[in-house]
Structure formats: C-alpha cells, structure tokens
Amino acid sequence: MLVSKYTQYLSLNDDSTVIWHSVFGCAMQIPNRLTCYLKDSHSFNDYDFIEVFGEGAFETLVDARILIYSTEQEQADIDTLFAKHNPRNKSKIKYLSLIMSEECPFRCVYCIHFANSKHYYNKEKMMTFEIAKASIDSYIKLMLENGETDFYINFGGGEPLLNYPVIAELLPYIKECEDKHDIKIKLGINTNLSLLNKEMAETFIKNNVEIVASLDGTKAGNDKVRLSKNLSGTYDSIIRGFDILRELGHPLDGFAMTVTEANLFDVDTEIIDWASTLGMKEVRIDVDVVGIVKSPMDEVIERLTRIRKYAKEKGISVIGFWSRPAENLGLNPEEEDIGFCGGERGNSLCVAPSGQVFPCGYSNYQLGNYIDIPTIYNNDAYLNLLANRDLKNQPEKCQECPIFGFCRGGCLITKEANQKSTEKQTAMCKLYIEMTKAIIRQQVMM
Amino acid sequence: MKETAPKKVEIKMVKMPALAMTCKKPSNCH
C-alpha cells in the first residue's frame with residue numbers, strides 16, 4: 001500500500017489536518033496522528049494500517065485515492081479522465097456569446113478586452129443581424145444534434161448596448177427559434193449600464209434577459225479604475241442604471257467588481273453593507289487577470305478572505321475566479337468535467353463582429369469562423385484547445401501543485417497576455433492556491 | 001495483548017462551496 005504522491009496537507013491546528021488528492025479531490029479532516037503516519041510511510045501493509053486506524057478509515061482513504069496500490073494504476077486512472085470528458089467527434093459546445101460591439105464608452109484600467117483582444121482592431125466593430133442569426137442557427141442545430149437541452153446565449157462586448165438595435169431585432173428571432181424547436185434559451189447581457197434607458201430595460205425584462213453589471217466598489221474606489229473614455233469616473237452613470245432597473249421592479253441581485261493595484265485598498269466590507277441594504281445575494285470580486293503584478297498578493301488574499309467571511313454572515317455569497325478551484329474541489333472528476341471556465345473546457349463559442357470565433361471573448365486564439373460552427377468541434381484549433389487540457393501535458397510545476405486538477409491552468413487570458421513573463425502567472429498561482437486553502441479553512445469552521 | 005493505540009479515527013468530509021454558475025460573469029466564464 002502506498003500514499004499517493006498527489007496527497008495534499010493543510011494543517012488546521014494541533015489536532016487535525018485537511019487532506020485531499022490534487023486530482024481526485026475529496027477534502028477531509030483527519031486527526032494529526034493519521035497525518036503523521038501518511039507523511040512518514042512510504043509503503044506499508046494494509047493490515048498494519050487497519051490494526052492502528054481501523055477498517056473504516058482504510059476504506060475511506062482508499063475510496064479517496066489517498067491510499068493506492070500502485071502508482072501506475074493511479075496514473076492510468078488519471079489519464080482516463082481526459083478521454084472521458086473530451087471525447088473525439090462529439091461537440092462539447094454549451095454556450096454562445098455574441099460580441100455585439102467591439103467598442104465601449106468606458107476605458108476601465110484593467111479591461112482585458114482592450115488589453116488582450118486583437119479582434120478589437122478589426123474594421124468590423126458592430127455585430128450584424130445576419131452574422132448573429134447564422135451563428136444562433138448553427139449553435140441551436142449543434143446543440144440539438146448533441147442532445148443538449150440547456151441553451152445559453154449571451155450578449156457581450158465591448159459594450160453591447162452600443163448595438164442595441166440589433167439586440168432588439170435578435171430577441172424576437174430567438175423567441176421564434178424557441179417556438180420552432182420547442183426549446184428554452186437562457187439569455188444574458190453583460191453591460192456597463194451607462195447607456196441603459198427605460199425602454200431597453202423593459203425589453204430585457206420582458207424577454208427574460210438577465211442583466212449582468214459591474215461596479216468596482218464605492219464611488220471612491222470605482223472612479224479610480226472604472227473610467228469613461230474621457231477618463232472621468234463612471235459611478236453615477238452605473239448607479240443610474242441600477243436605479244432604472246429597481247424602479248421597474250427588477251433590481252439586480254448582485255454585481256461584479258474587479259480589484260487592481262489602483263483600487264485594492266478601497267475594496268472592503270462597506271461594499272458588502274451597501275449590497276446588503278439593496279437586498280443583493282451575490283457579489284463577484286475578481287482580481288485583474290492581466291495586470292496587478294506589483295501589488296502584494298498577501299494583501300489581496302487577506303482582503304478577499306475577510307470580505308468573503310463578512311459577506312457570508314450577511315447572507316451574501318462572494319465569489320470570483322479565485323473561488324473556482326475550491327468549488328471544483330467539491331466535485332467528482334470522474335463525473336464532472338472539471339475546468340477553470342467554459343472557455344477553458346471548450347464549452348463556449350464567442351463570435352466577434354468579424355465572424356471570427358474564439359473560446360473566450362477576450363482571447364486571440366481563433367477556433368474558426370461563424371460559418372464553421374456546425375463542425376467547429378472537429379477543427380484542429382478546437383482539438384488543440386482540448387489537447388492542452390490533458391493533465392499529462394501540463395508543466396511539472398502544475399503537476400506538483402496542490403490544486404493541480406482543480407485550477408486547470410487558470411484563465412486563458414492571463415496566459416495569452418503574459419507569454420513573455422512568468423511573474424503574473426506566478427502571482428495568480430499564489431492567489432488561487434492560497435484562496436483555496438483559505439476557503440477550506442472557512443468551510444471547516446462553518 | 002497490549003493495545004498501543006486506539007483503533008478508530010474520525011474522518012470528516014469537508015463540504016466545499018457549490019459551483020458558482022451564476023451569470024455574474026460572461027457565458028464563457030461559467
């Protein structure tokens with residue numbers, strides 16, 4: 001009997017430790033005398049273990065793959081995960097995102113659309129009805145052929161409301177598609193709200209389009225990073241949008257914010273108090289996935305951990321990319337396709353106004369063109385995207401990482417935008433690992 | 001026979017937070 005090399009240890013106190021397998025997960029709290037045994041024993045006899053710790057503990061640790069019979073078998077089991085969740089000749093597409101506009105009236109300092117997306121420079125700035133319609137048709141056909149039932153179309157950008165007339169034309173068309181195919185399509189729009197008026201809001205409410213908006217903290221913090229084109233603050237224009245939705249009886253139940261070096265020290269629990277007074281349920285706090293290299297990551301981790309705990313006591317979930325590995329740790333990799341995001345998993349198609357298709361709206365990795373959508377899952381570019389997910393193809397530092405199977409290399413854009421420097425990626429690795437540990441500690445205390 | 005250590009140990013599963021599948025992010029981030 002062996003202890004898996006993928007076993008991870010997080011000391012809680014003098015009495016206990018949380019352990020998990022860095023590919024198969026299954027976090028559990030064990031007494032420290034068992035921790036010492038696992039750390040000290042290179043190989044041992046089953047009966048000796050059972051004699052000391054009992055049959056129940058033995059079976060639990062075997063089921064969790066902490067105790068293994070051979071490293072070869074363990075590696076073979078890990079290798080089967082990739083084939084199982086990334087089958088050849090079968091579409092994994094689940095989501096369609098339409099980049100309605102490459103332009104935006106905002107110039108947020110951390111914007112990954114402007115920092116990374118080369119398609120922003122294309123001459124085609126606005127999505128046409130024709131390209132959107134053809135993309136929707138192909139997407140629905142692909143989903144139906146694959147037996148998928150959870151349809152999701154997102155209007156994104158840039159700022160999609162710059163192209164509101166085309167969105168308004170697409171909504172009845174999508175309804176027609178739902179009726180024709182007897183399906184239900186979930187809709188969402190990511191907007192900065194600055195252009196939202198009552199008519200648009202009513203249209204979105206009527207068509208069940210979920211509105212997703214961002215606000216980077218209180219006025220002081222927001223107006224340091226979330227800027228208009230003329231570099232003035234945007235807080236008031238965003239709040240005006242919040243107010244329109246609330247007056248129509250559809251207040252937002254949360255929002256997303258981004259932490260950068262400029263607003264880090266403004267991000268604190270008072271934004272949670274504000275969200276709580278408005279009856280919100282979820283606040284997403286992301287750390288700038290491209291910049292924020294120089295700031296002390298320890299400060300970011302301390303703040304996120306503290307805010308998450310504070311919000312939880314007020315009934316508000318605080319999530320972000322940093323919570324994804326911990327969320328994944330609760331899943332069974334044999335049943336679920338564990339990934340960092342839909343783009344990384346190969347679930348998303350994002351169509352730009354030029355017709356180019358990307359796995360993420362901020363990526364430069366082109367999967368094909370919108371006319372390729374019906375067969376895109378067999379394209380070399382798409383297959384390469386999937387091949388990069390194979391755990392055995394990951395660098396050694398990832399294979400030795402405590403969240404190896406749960407982070408999946410992190411954000412595609414972080415890697416694309418920082419190809420010449422490992423500094424940012426190293427900082428993000430630290431964020432994801434330390435936040436996973438912090439979340440485990442908070443979960444144990446619950 | 002001399003008992004050197006208790007035979008039973010308690011192992012408690014840690015309940016991790018549910019996968020946040022909300023729309024507080026673009027569709028590709030699900």
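Trainee: In which loop of chain A does Gly158(A) lie?

Mentor: The model is a predicted one. The peptide bond from Gly157(A) to Gly158(A) is cis, with omega near 20°. Most peptide bonds are trans. As to its place, Gly158(A) belongs to the loop between β7 and α7 of chain A.

Trainee: Which strands of chain A does helix α7 lie across, and at about what angle does it run to β8(A)?

Mentor: Helix α7 of chain A covers residues 164-181. It lies across β6, β7 and β8 (185-190) of chain A, and its angle to β8(A) is about 165°.

Trainee: What is the strand order of the open sheet of 7 strands in chain A?

Mentor: The pairing in this sheet is mixed. The edges are held by β9 (209-212) and β15 (368-369) of chain A, each with a single partner strand, so one side of each has no neighbour in the sheet. The order is β9-β8-β7-β6-β13-β14-β15.

Trainee: Which residue of β13(A) stands opposite Ser97(A)?

Mentor: Strand β6 (residues 95-101) and strand β13 (residues 348-351) of chain A run parallel and are joined by 4 bridges. Within β13(A), the residue opposite Ser97(A) is Cys350(A).

Trainee: What angle does the direction of helix α6 of chain A make with that of β6(A)?

Mentor: Helix α6 (residues 129-145) packs on the sheet of 7 strands. The strands that it touches are β6, β7 (151-157) and β13 of chain A. With the direction of β6(A), the direction of this helix makes an angle of about 175°.

Trainee: Through which helix does the chain cross from β8(A) to β9(A)?

Mentor: β8(A) and β9(A) pair in the parallel sense over 4 bridges. In β9(A), Glu210(A) is the bridge partner of Gly188(A). The β-α-β crossover that links β8(A) to β9(A) is right-handed, and the helix is α8 (residues 198-206) of chain A.

Trainee: Which strands stand at the edges of the open sheet of 3 strands?

Mentor: This sheet has the order β10-β11-β12 (chain A), with parallel pairing. From one strand to the next, the twist averages 20°. The strands that pair on one side only are β10 (254-259) and β12 (317-319) of chain A.

Trainee: Which helix packs on that sheet, touching β10, β11 and β12 of chain A?

Mentor: β10(A) and strand β11 (residues 282-287) of chain A pair in the parallel sense over 6 bridges, and Val259(A) stands opposite Val287(A) in β11(A). The direction of the packing helix makes about 175° with that of β11(A). The helix is α12 (residues 297-313) of chain A.

Trainee: Is Arg65(A) buried or exposed?

Mentor: Arg65(A) lies in the loop between α3 (55-63) and β5 (67-68) of chain A, and its phi is positive, about 65°, although it is not a glycine. Most residues other than glycine have a negative phi. The cut-off for burial is 20 or more other C-beta atoms within 10 Å. Because Arg65(A) has 20 C-beta neighbours inside 10 Å, it counts as buried.

Trainee: How many C-beta neighbours does Arg408(A) have inside 10 Å?

Mentor: Arg408(A) is placed in the loop between α17 (404-407) and α18 (412-417) of chain A. It too is not a glycine, and its phi is positive, about 55°. Arg408(A) counts as buried because its C-beta neighbours inside 10 Å number 23.

Trainee: Which strand of chain A gives the largest share of the side that touches chain B?

Mentor: In the contact between the chains, 44 residues of chain A meet 24 residues of chain B. The residues on the side of chain A divide into 24 nonpolar, 16 polar and 4 charged. The largest share, 5 residues, comes from strand β4 (residues 25-31) of chain A.

Trainee: Which residue of β1(B) does Met28(A) stand opposite?

Mentor: Chain B has 0 helices and 1 strand, and 37% of its 30 residues count as buried. Strand β1 (residues 12-13) of chain B runs antiparallel to β4(A), with 2 bridges joining them. The residue opposite Met28(A) is Met13(B).

How values were computed:
Residues are numbered from 1 along each chain as its sequence is written. Chains are lettered from A and ligands numbered from 1 in the order in which they are written. This is a predicted model: local features need pLDDT of at least 70, side-chain atom pairs count only at pLDDT 80 or more; totals for chains, interfaces and linings use all residues. Two residues are in contact if their C-beta atoms, placed from the backbone, lie within 7 Å. Ala, Val, Leu, Ile, Met, Phe, Trp, Tyr, Cys and Pro count as nonpolar, Asp, Glu, Lys and Arg as charged, and the others, Gly among them, as polar. Two strands pair if DSSP finds at least two bridges between them. Axes are lines fitted to C-alpha atoms, for helices over the stretch in contact, and angles run from 0 to 180 degrees between N-to-C directions. A crossover is right-handed if, with the strands pointing away from the viewer, the path from the first strand over the helix to the second runs clockwise. A residue is buried if 20 or more other C-beta atoms lie within 10 Å of its own, exposed if 12 or fewer, and partly exposed in between; C-beta atoms are placed from the backbone.
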